[in-house]
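Here's a quick briefing to read with the model open beside you.

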Amino acid sequence: MAKKTARLRSLPIVAEQYKQAAQDRSAEIGRLYQIGLYGLAIYVAGVAVECIFRAYRAKKSSEMDARHDLHQLSRGGFREVLPPHQLPEFGTALTALAVRWTNSHRYRSDNDLRLFLKRAELDRTIRGDFLKENARVAAVAANTIVKIGLSKWTEL
């Protein structure tokens with residue numbers, strides 16, 4: 001008798017779930033940084049921002065963009081709700097994170113991540129552990145973006 005295997009179907013993720021995931025990931029960045037998991041903190045920073053961008057997109061459309069391009073994802077409904085005076089803060093934070101993050105970091109060791117940062121010249125002028133400093137910058141940037149997104153959420 002052949003065994004039947006149950007196939008798990010994933011339910012579509014709704015906007016509120018993405019928003020909650022953004023909040024959760026944002027909170028985790030600081031904990032990861034505090035215990036010295038800098039590479040993971042950088043990766044989770046990007047995931048937190050992806051989640052808030054996807055939350056805004058899910059409010060507008062059920063169409064999903066599978067790419068992990070933060071600049072492109074920000075144009076799916078998030079950037080459009082920002083008032084002009086908030087665009088510089090947002091743009092600075094997005095650029096700071098986007099140069100430090102790619103989805104492929106989930107496969108990188110800390111040594112490989114250091115090499116990535118060196119190639120991007122993100123080790124220049126930093127005294128001490130440049131991975132730690134880049135994790136701090138990524139964390140601040142991600143938390144800024146998520147905070148902005150959460151503050152605008154109820155206005156939609």
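Patches here are built from residues with over 30% relative accessible area and no salt bridge, joining like charges within 9 Å and nonpolar side chains (Val, Leu, Ile, Met, Phe, Trp, Tyr) within 5 Å. One such nonpolar patch, about 280 Å² of surface, comes from Ile35, Leu37 and Leu40. This is a predicted model, so to speak of a local feature we need pLDDT of at least 70, and side-chain atom pairs count only at pLDDT 80 or more, while totals for chains, interfaces and linings use all residues. Numbering starts from 1 along each chain as its sequence is written, and side-chain values use heavy atoms, with hydrogens and water left out.

**The overall picture**

- The chain has 6 helices and 0 strands, where helices (H or I, at least four residues) and strands (E, at least two) are DSSP runs numbered from the N terminus.
- Going along the sequence, you read α-α-α-α-α-α.
- Of the 156 residues in the chain, 44% are buried; buried means under 20% relative accessible area, exposed means over 50%, and partly exposed is in between (1.4 Å probe, protein chains only).
- About 9,500 Å² of the chain is accessible surface, and 53% of that belongs to carbon and sulfur atoms. Those areas come from the Shrake-Rupley method with a 1.4 Å probe, and for residues only the protein chains shown count as cover.
- Take the contacts (heavy atoms within 4.5 Å) between residues at least 6 apart in sequence: 61% of them join residues at least 24 apart.

**Back to the patch**

- Leu37 sits in the loop between α1 (15-34) and α2 (38-60).
- With a relative accessible area of 37%, Leu37 is partly exposed.

**The aromatic cluster**

- There are 7 aromatic pairs in the structure; rings of Phe, Tyr and Trp (its six-membered ring) pair if their centres lie within 6.5 Å, and planes under 30 degrees apart are stacked, over 60 edge-to-face and the rest tilted.
- Tyr56 and Phe78 make an edge-to-face pair, 5.0 Å centre to centre with 80° between the planes.
- Tyr56 is in helix α2 and Phe78 is in the loop between α3 (70-74) and α4 (87-98), so this pair ties together parts 22 residues apart in sequence.
- Tyr56 also pairs with Trp153: the ring centres are 5.2 Å apart and the planes are at 85°, so this one is edge-to-face too.
- Trp153 belongs to helix α6, so its pairing with Tyr56 in helix α2 links parts that are 97 residues apart in sequence.
- Both Tyr56 and Trp153 are buried, and Phe78 is buried at 1% relative accessibility.
- Phe53, Tyr56, Phe78, Phe90 and Trp153 form one aromatic cluster.

**Salt bridges within helices**

- Side chains of opposite charge can pair when their charged atoms come close.
- The count is 8 salt bridges, each being a side-chain nitrogen of Lys or Arg within 4 Å of a carboxyl oxygen of Asp or Glu.
- Glu28 and Arg25 make one at 2.6 Å, N to O; they are 3 residues apart in helix α1, about one turn.
- Arg54 bridges to Glu50 with the closest N and O atoms 3.1 Å apart. These two are 4 residues apart in helix α2, again about one helical turn.
- Arg54 is buried at 9% relative accessibility, and Glu50 is buried at 6%.

- Glu121 and Arg124 meet in a salt bridge of 3.8 Å, N to O.
- Asp123 lies in the loop between α5 (110-119) and α6 and is buried at 14% relative accessibility.
- Glu121 is not a glycine, yet its phi is positive, about 60°.
- Thr125, in the loop between α5 and α6, likewise has a positive phi, near 60°, and is exposed at 83% relative accessibility.

**Asn134**

- Asn134 is in helix α6 (residues 130-153) and is buried at 1% relative accessibility.
- Its side chain reaches the backbone oxygen of Leu122 at 2.8 Å.
- Beyond its neighbours within four places in sequence, Asn134 is in contact with Ile42, Arg100, Leu117, Leu122 and Ile126.

Technical notes
Polar contact = N/O pair within 3.5 Å; in protein donor to acceptor, adjacent residues only side chain to side chain.
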